[in-house]
Amino acid sequence: MVPVLLFYFFSLLAIGGGILTVTRRSVVVSGVWLIVSLLGVAGLFLLEGAEFLFVAQLILYVGGIILLFLIAVMLVNFNAAVYTRRFRNGWPAVLSICLLLAAELLALLSAGRFAAPVTPAPGLPNADAVADALLSKYLVAFELASVVLLAAVVGAVLMGQKRKEHAS
Amino acid sequence: MTAQLTPFHFIAVSALLLVVGIAGVLLRRNLIVVLMSIELILNAVNINLVTFSRIHGQTHGQVFALMIMAVAVAETAVGLALLIALYRNRGTVLADEIDLLKW
């Protein structure tokens, strides 16, 4: 019973935080609600036995990405956005996507798919198993991810710096 | 309320979070909030990957979720740098005022 209650609590954090992120007027308030939503997702990871992803979510998202967003908000300092319309016209697309996903969920529910509770297979602890897969089978992808991050760092610095006035 | 957690619970939460994120991307005018909504979408995908990884009793889905996190960090860093450069050049971060390439 306790995992079910925790599940509803974390889901409420994730989805409620997401809705408030999207609807709040001030960007800083949106960022704070994004923290709440990401913490809810981290709790869902923990409930699913993915402890390594839980820690990665806390460090990367809540520690890293939120900081990036708040620093960008400080650098941009665009106050006019607070006083104008928040939304633009995209309601038909959003409503159709809502209907589509609701139909898919209803189809899954009526077909009884994924309705059996999963008992985790005994084996290595989660972090060990993830490390085994990451450093043996997915070693190339792991190294490529580091190259992508390096390229992103260089690209962010290049694009974020002030343009120097060229001669002529 | 069922007494046990099934994978369907997690899939449903993932779908709801995905809809919230898509709504943010399509509806908000402020590009910073649009980038935040993209993070919500990627998180919804991660929940799905972890759920299916648990169903199949292996960790490959979690490795993919880690890769998505790495790409999300890169995307956010580059996206925010682009946004700052854009604000410096055009003086706006509203999505529908950036229309130089329209028509």
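**Exercise 1. Find which residues of α1(A) meet which residues of α1(B), and describe how the two helices lie.**

Step 1. In α1(A), the residues Phe7(A), Ser11(A), Ala14(A), Ile15(A), Gly18(A), Ile19(A), Thr21(A) and Val22(A) meet a set in α1(B): His9(B), Val13(B), Leu16(B), Leu17(B), Val20(B), Gly21(B), Ala23(B) and Gly24(B). Two residues are in contact if their C-beta atoms, placed from the backbone, lie within 7 Å. Helices are DSSP runs of H or I with at least four residues, numbered from the N terminus.

Step 2. Sort that contact by class: ten nonpolar, six polar and no charged residues. Here Ala, Val, Leu, Ile, Met, Phe, Trp, Tyr, Cys and Pro count as nonpolar, Asp, Glu, Lys and Arg as charged, and the others, Gly among them, as polar.

Step 3. Now the geometry: the axes of α1(A) and α1(B) come within 9 Å and cross at roughly 10 degrees. That makes the two helices, α1(A) and α1(B), roughly parallel (angles under 35 degrees). Axes are lines fitted to C-alpha atoms over the stretch in contact, and angles run from 0 to 180 degrees between N-to-C directions.

A note before going on: this is a predicted model, in which local features need pLDDT of at least 70, side-chain atom pairs count only at pLDDT 80 or more, and totals for chains, interfaces and linings use all residues. Residues are numbered from 1 along each chain as its sequence is written, while chains are lettered from A and ligands numbered from 1 in the order in which they are written.

**Exercise 2. Work out at what angle α2(A) and α2(B) pack.**

Step 1. The angle is about 5 degrees, with the axes 11 Å apart. α2(A) and α2(B) are therefore roughly parallel to each other.

Step 2. Among the residues that meet here are Leu34(A), Leu38(A) and Val41(A) from α2(A), and Met36(B), Leu40(B) and Asn43(B) from α2(B). By class, this contact has twelve nonpolar, four polar and one charged residues.

**Exercise 3. Describe the side of chain A that touches chain B.**

Step 1. Count the contacts: 72 residues of chain A are in contact with 66 residues of chain B.

Step 2. α3(A) gives the largest share of this side of chain A, twelve residues.

Step 3. By class, the side has 57 nonpolar, eleven polar and four charged residues.

Step 4. For confidence, the predictor gives the complex an ipTM of 0.90 and a pTM of 0.88.

**Exercise 4. Is Glu48(A) buried or exposed, and what is it in contact with?**

Step 1. Locate Glu48(A): its place is in the loop between α2 and α3 of chain A.

Step 2. Glu48(A) is buried, with 23 other C-beta atoms within 10 Å. The cut-offs are 20 or more for buried, 12 or fewer for exposed, and partly exposed in between.

Step 3. Leaving aside neighbours within four places in sequence, Glu48(A) is in contact with Phe10(B), Val50(B), Thr51(B) and Arg54(B).

Technical notes
Angles under 35 degrees count as roughly parallel, over 145 as roughly antiparallel, 65 to 115 as roughly perpendicular and the rest as oblique.
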